[in-house]
Amino acid sequence: LHCGWELKHLLRGYEAIVKQVNQHPNKGLNEEVLRVSLQEVGLKSRPECCSIPPPQYYAQIISEMETLGWDKMVHIDMEFQTLKLKAEDSSGRQHMLTVRLKAKHPAEAPECSADLPVPLSVTWTPQSTLEQLYSQFLLVLEYLTEFWDVLDEIDEKTWILEPENPSRSDTMRRIAIGNNLSIKVEVDPRHPKMLPECCLLGAEHAVTPLRNKLNANMHLWNPDSSVLHNLRDVLEIEFPSPATHEKSGFSVECGICYSYRLESAIPDQVCNDPRCGQPFHQACLYEWLRALPTCRQSFSVIFGECPYCSKVTRLHLNTYSQYISAPDCCTQQSLS
Ligand SMILES: [Zn+2]
Ligand SMILES: [Zn+2]
């Protein structure tokens, strides 16, 4: 077959068909028809061909990376479309910025993502570069430094029951106070040293004195001090820490299924009776109480006997802190 190199290239793998076509030269097939139909076949079977950016795209990225510094790059995919850039904040924490470039880069803004507690919004114009994008990311990291300092101190000096492995975007910590007693705090990334949203979790007889202290001492909250220090002062307690206690003392397994984690849930329901105080998963206790012939339900509260002490216990449905009945257990006040 006499044809140009492009067509020869396209025909690679189709030799048998070409031979067949050539044996019937009078059937109206010419080089042009063949080229068009083969191109269609080729494009249909390899759809990514359509989205391959022009050569300038690659030259642009290489030049932008040279300005930014290749040492910042941790990964780039084969298509040169997704790159991961590493960064360090002023406290020495490592962070990762994932950038998904568009085929029309830099005319079209890339998609950026990172493990942050706030949405990452970047300003992009057709003249923007990866270096400018990276500088914006560093500013966001700097803005969040105080937030991460607050949480790092809590993670280091207390036993965290939830989340199991906190990520940089997690704003919630459930901190162990004692056996079956914990406090859930929700730190605001924008005001990390203000009084966070707090929720005490545990049996009522243990929660009530702490809740009273929290309400009475709230005015002592000092926004210049860390959240951990303030919590100690306001609650008048020392938190058990990895230096003084074993975690196993706080991760008591569920009295029904005998495990600690049930999917992601931990046993956060505690028997009302101060002498019992056995913890259960909400789902396990719900199934248990519902199966009892003596089970009663009043609105969203289920009553029934505790499988351990046989005293009547109750389960409030559809709330995280269902165990605590007083509505003022959760504080949303802020000292701002
Ligand atoms: Zn369970
Ligand atoms: Zn009990």
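These questions and answers walk through a predicted model.

Colleague: Which residue in E3 is the bridge partner of leucine 85?
Modeller: Start with the strands. E2 covers residues 82–88 and E3 covers residues 94–100, and the two pair in the antiparallel sense over seven bridges. Within E3, the partner of leucine 85 is leucine 97.

Colleague: Which residue in the turn between E2 and E3 has a positive phi?
Modeller: E2 and E3 form a hairpin. Five residues lie between the two strands. In that turn, the residue with a positive phi, about 85°, is glycine 92.

Colleague: What is the arrangement of the four donor atoms around the zinc ion (ligand 1)?
Modeller: The protein donors are Cys254 (SG), Cys257 (SG), His281 (ND1) and Cys284 (SG), at 2.1 to 2.4 Å from the zinc ion. Now check the angles: four donors count as tetrahedral if all angles lie between 85 and 135 degrees. Here the angles are 98 to 116°, so the arrangement is tetrahedral.

Colleague: Is cysteine 254 buried or exposed?
Modeller: Buried means under 20% relative accessible area. Cysteine 257, another zinc donor, has 31% and counts as partly exposed. Cysteine 254 has 1%, so cysteine 254 counts as buried.

Colleague: Are the ring planes of phenylalanine 147 and tryptophan 148 stacked, edge-to-face or tilted?
Modeller: The structure holds four aromatic pairs. In the pair of phenylalanine 147 and tryptophan 148, the ring centres are 6.4 Å apart. Planes under 30 degrees apart count as stacked and over 60 as edge-to-face. At 55°, this pair is therefore tilted.

Colleague: How many residues apart are arginine 93 and aspartate 149?
Modeller: These two side chains form a salt bridge, with the closest N and O atoms 2.9 Å apart. Arginine 93 lies in the loop between E2 and E3, while aspartate 149 lies in helix H7 (residues 145–157). The pair links distant parts of the chain, and the separation is 56 residues.

Colleague: Where is glutamate 236, the salt-bridge partner of lysine 213?
Modeller: The side chains of lysine 213 and glutamate 236 meet at 3.8 Å, N to O. Lysine 213 sits in helix H8 (residues 204–217). Glutamate 236 is in the loop between helix H9 (227–235) and strand E9 (269–270).

Note on methods. Residues are numbered from 1 along each chain as its sequence is written. Chains are lettered from A and ligands numbered from 1 in the order in which they are written. This is a predicted model: local features need pLDDT of at least 70, side-chain atom pairs count only at pLDDT 80 or more; totals for chains, interfaces and linings use all residues. Side-chain values use heavy atoms; hydrogens and water are left out. Two strands pair if DSSP finds at least two bridges between them. Helices (H or I, at least four residues) and strands (E, at least two) are DSSP runs, numbered from the N terminus. Donors are N, O and S atoms within 2.8 Å of the metal (3.2 Å for Na, K and Ca); water is not among the atoms, so sites may look incomplete. Four donors count as tetrahedral if all angles lie between 85 and 135 degrees; four count as square planar and six as octahedral if opposite donors are over 155 degrees apart and all others between 65 and 115; anything else is irregular. Buried means under 20% relative accessible area, exposed over 50%, partly exposed in between (1.4 Å probe, protein chains only). Rings of Phe, Tyr and Trp (its six-membered ring) pair if their centres lie within 6.5 Å; planes under 30 degrees apart count as stacked, over 60 as edge-to-face and the rest as tilted. A salt bridge is a side-chain nitrogen of Lys or Arg within 4 Å of a carboxyl oxygen of Asp or Glu.
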